[in-house]
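Hi there,

Here is the structure I promised to pass on. Have a look at it first, and then read on for what I found in it.

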Amino acid sequence: MNEVAVKTIKRSFAYFIGLIFLLSIPLIVKSAYFHHLLIMIGLAALLGMSNRLIINSGAWFMGMAAFYAIGAYGLVLLREKVGMDYWSAVPVIGLITAAIALGLGYATSRVRGIPFAIISVAFAEVIRLTIIKTPFLGGHKAWVCPPPEPIFGITLSSKIGIYYLILVLCVIVGFLFHRLEKSPTGNALMTMAENEELAESIGINTTRYKVVVLMVGALVASLTGTLFASYIGIIGPTSFSLMTSVIILMTIVIGGMANIWGPIIGAAFVTLLPEILPGQAADQNIAYATIVLLTLFWLREGLISLPKQLKTYFEGRAAHKPASISGR
Amino acid sequence: MYILISQSLINGILAGMIYALIASGFTLLYGNAGVLFFAIGEVFMLGAVLLYCLIEGMSISYFLGVVIVMALLGTFGMFLERAIFRRLTGNDLTFAIGSLALGMLITGIVLKTFGERGKGLITPFPGSFKITGLVIAYDKLIVVGVGLVVIVALHLFFSFTKTGRAIRAVAQDVEAAQLMGVEVFRVKSLTFFLALAVAGLAGALVAPLYYVDAFMGTPVLMTALIVVVLGGLGSFPGAVIGGLVIGVLENIGQTFLGGTTTLLLFMIVIVMLILRPEGLFANE
């Protein structure tokens, strides 16, 4: 058997073990608080993965809270005003989100770099202010959102039910995004991020790729929004401020942009940090900010590159050491 | 009706002056250092907080306090350039994220030291006068006056001094400026000094007019974004004119449309960036 095949088998086995672990962990540890943390990590990971996908196509999207809000508010409104159940509301929300992302993507297809970043921040702000200013959307008031209806006989009103739903979604999204990156499309996206003119000159339809990637990212984010709304049960405009977009962005900066594990590790880090740190919001702000700055300085590839960095560091030190006495 | 419009106009000019100052700082940093400096709102807040501490804690007079705040924040800016932004490598997104983190850091530290409750300063220039039925408060007049002086001084500095021209040269083309013998790092350092001093000045000026708290910077950052886009990213005259225009528009809009004004302004920003990314007032 060649080396590659062995590596693939080893890796698949590791994934399998990891999946079994994630499937069984809520049954082993029966604390509701622990389940809550797992759910929050899952939501943050989904948002991080979708934002990473968009940024890796060269579009510096900094307003993820917009699509998150569209998902959450879409669900609440469809349930309250139209009387739909969760499973029929989700496709409708998907269509709405896709339409909005399509419009935004095509309108901004010629804008790149910092102006695009500003557009995305302004877009998120437009969505938030529209919610606040429109009485139909509830204004400053909070909405109550019931949990999802059972599906295939599984009740989703409990924390464990929601956890499994999010876990399945995380695995699917992570796998699809990973496959996308490894496919020729992924190479095209990478080229676009490196140099858009070059990508266009070799026949990559950058506009179409950008729009599609924005749509896919938006869909995942709004789906996450529906899950967030039905899990937390109460949503208001404060959940979708600029700060939310910033935290999503920091999730992927801390975790790393190089592969799909970055946002997942970042999500775990960003979610667990406030729980580990004592004190109020102020302390957490300071801790977040310091860690992001340190990451930008010394760990540009994020936490996922930490093992590699440590390895090169120690190997470098070993190489510089004078030959030891036992050495021949 | 006349009174209503004129009074909004006057209030608009006051707000516009503040926006013009902050947007100048923001646009300078973008033009010269390539940093989308999201922490500008926090620097504005820091200016107000520092002035409050100087006046309440050390009973320094208002004008001396404003000067000290400018000097302190300018130095802080140079320190930031040296300690953070010069050492960051990578694209503009890295700088933007760095500045976001910096803003969080400043907010956190102010929350811890200054407290979460808003505090008010007693205005040093009480009273007001009336012209043809319009009320103009002295303290607001001072704000507009000081702002105007600083903006004119900056304009003269950029137009007629060697250093000022070097700053503009770097904004146009870093490499060409370097070839002409401009020390780019010194210019960047100076840009940070000026930008943070000016943004801090804006905060110090409004400190006696509004409540001072750790979150007063966020809405201002958003408005600065609108102003900078409208005036053209990186353009100083654009930032000043844009600031005044947005200040007046916002106040008149608040009078007639209410809270939807900001929403409309953000929509205009998006449309502007799509159709005319170089800004309304760009003349190059």
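This is a predicted model: local features need pLDDT of at least 70, side-chain atom pairs count only at pLDDT 80 or more; totals for chains, interfaces and linings use all residues.

Val211(A) has 22 other C-beta atoms within 10 Å, and because the cut-off for a buried residue is 20 or more, Val211(A) counts as buried. Setting aside neighbours within four places in sequence, the contacts of Val211(A) are Leu102(A), Gly105(A), Tyr106(A) and Ser109(A). Thr108(A) is 103 residues away from Val211(A) in sequence, yet the two C-alpha atoms are 9.1 Å apart in space.

That leads on to helix H4 of chain A, residues 86–107. With 22 residues at 1.5 Å a residue, H4(A) should span 32 Å, and the 31 Å between its end C-alpha atoms agrees with that. Which residues of H4(A) are buried? They are Tyr86(A), Ala89(A), Val90(A), Ile93(A), Thr97(A), Ala101(A), Leu104(A) and Gly105(A). These residues lie on the same side of H4(A), because they cover an arc of only 125° around the axis. An α-helix has 3.6 residues a turn, so residues three or four places apart point the same way. The other side of H4(A) carries the exposed residues Ser88(A), Pro91(A), Leu95(A), Ala99(A) and Gly103(A). As for what covers the buried residues of H4(A), the list includes helices H3 (64–82), H5 (113–133) and H9 (206–232) of chain A.

H5(A) comes up again where the two chains meet. The contact involves 33 residues of chain A and 36 residues of chain B. On the chain A side, H5, helix H10 (242–255) and helix H12 (281–298) each supply at least two residues. H5(A) gives the largest share of that side, with 14 residues. Sorted by class, the side of chain A that touches chain B has 24 nonpolar, five polar and four charged residues.

Now for chain B. Helix H8 of chain B runs over residues 184–206, and its 23 residues should span 33 Å at 1.5 Å a residue; the end C-alpha atoms are 33 Å apart, in agreement. H8(B) is mostly covered, with 20 of its 23 residues buried.

Chain B also has a hairpin formed by S1(B) and S2(B), with two residues between the strands. The strands, residues 128–131 and 134–137, run antiparallel and are joined by four bridges. Lys130(B) is placed opposite Val135(B) of S2(B). In the turn, Thr132(B) has a positive phi of about 40°.

Ser59(B) has a positive phi too, near 40°, although the residue is not a glycine. Where does Ser59(B) lie? Ser59(B) sits in the loop between helix H2 (40–58) and helix H3 (62–85) of chain B. Is Ser59(B) buried or exposed? Ser59(B) counts as exposed, because there are 8 C-beta neighbours inside 10 Å and the cut-off for exposed is 12 or fewer.

Finally, a word on confidence. Chain A averages a pLDDT of 85, and 95% of the residues score at least 70. Among the elements of chain A, helix H2 (residues 32–56) has the highest mean pLDDT (92) and helix H13 (residues 306–320) the lowest (79).

Best wishes

Methods: Residues are numbered from 1 along each chain as its sequence is written. Chains are lettered from A and ligands numbered from 1 in the order in which they are written. The expected span of a helix is 1.5 Å times one less than its number of residues. The arc is that of the directions from the helix axis to the C-beta atoms. Two residues are in contact if their C-beta atoms, placed from the backbone, lie within 7 Å. pLDDT is the predictor's confidence in each residue, from 0 to 100. Ala, Val, Leu, Ile, Met, Phe, Trp, Tyr, Cys and Pro count as nonpolar, Asp, Glu, Lys and Arg as charged, and the others, Gly among them, as polar. Two strands pair if DSSP finds at least two bridges between them.
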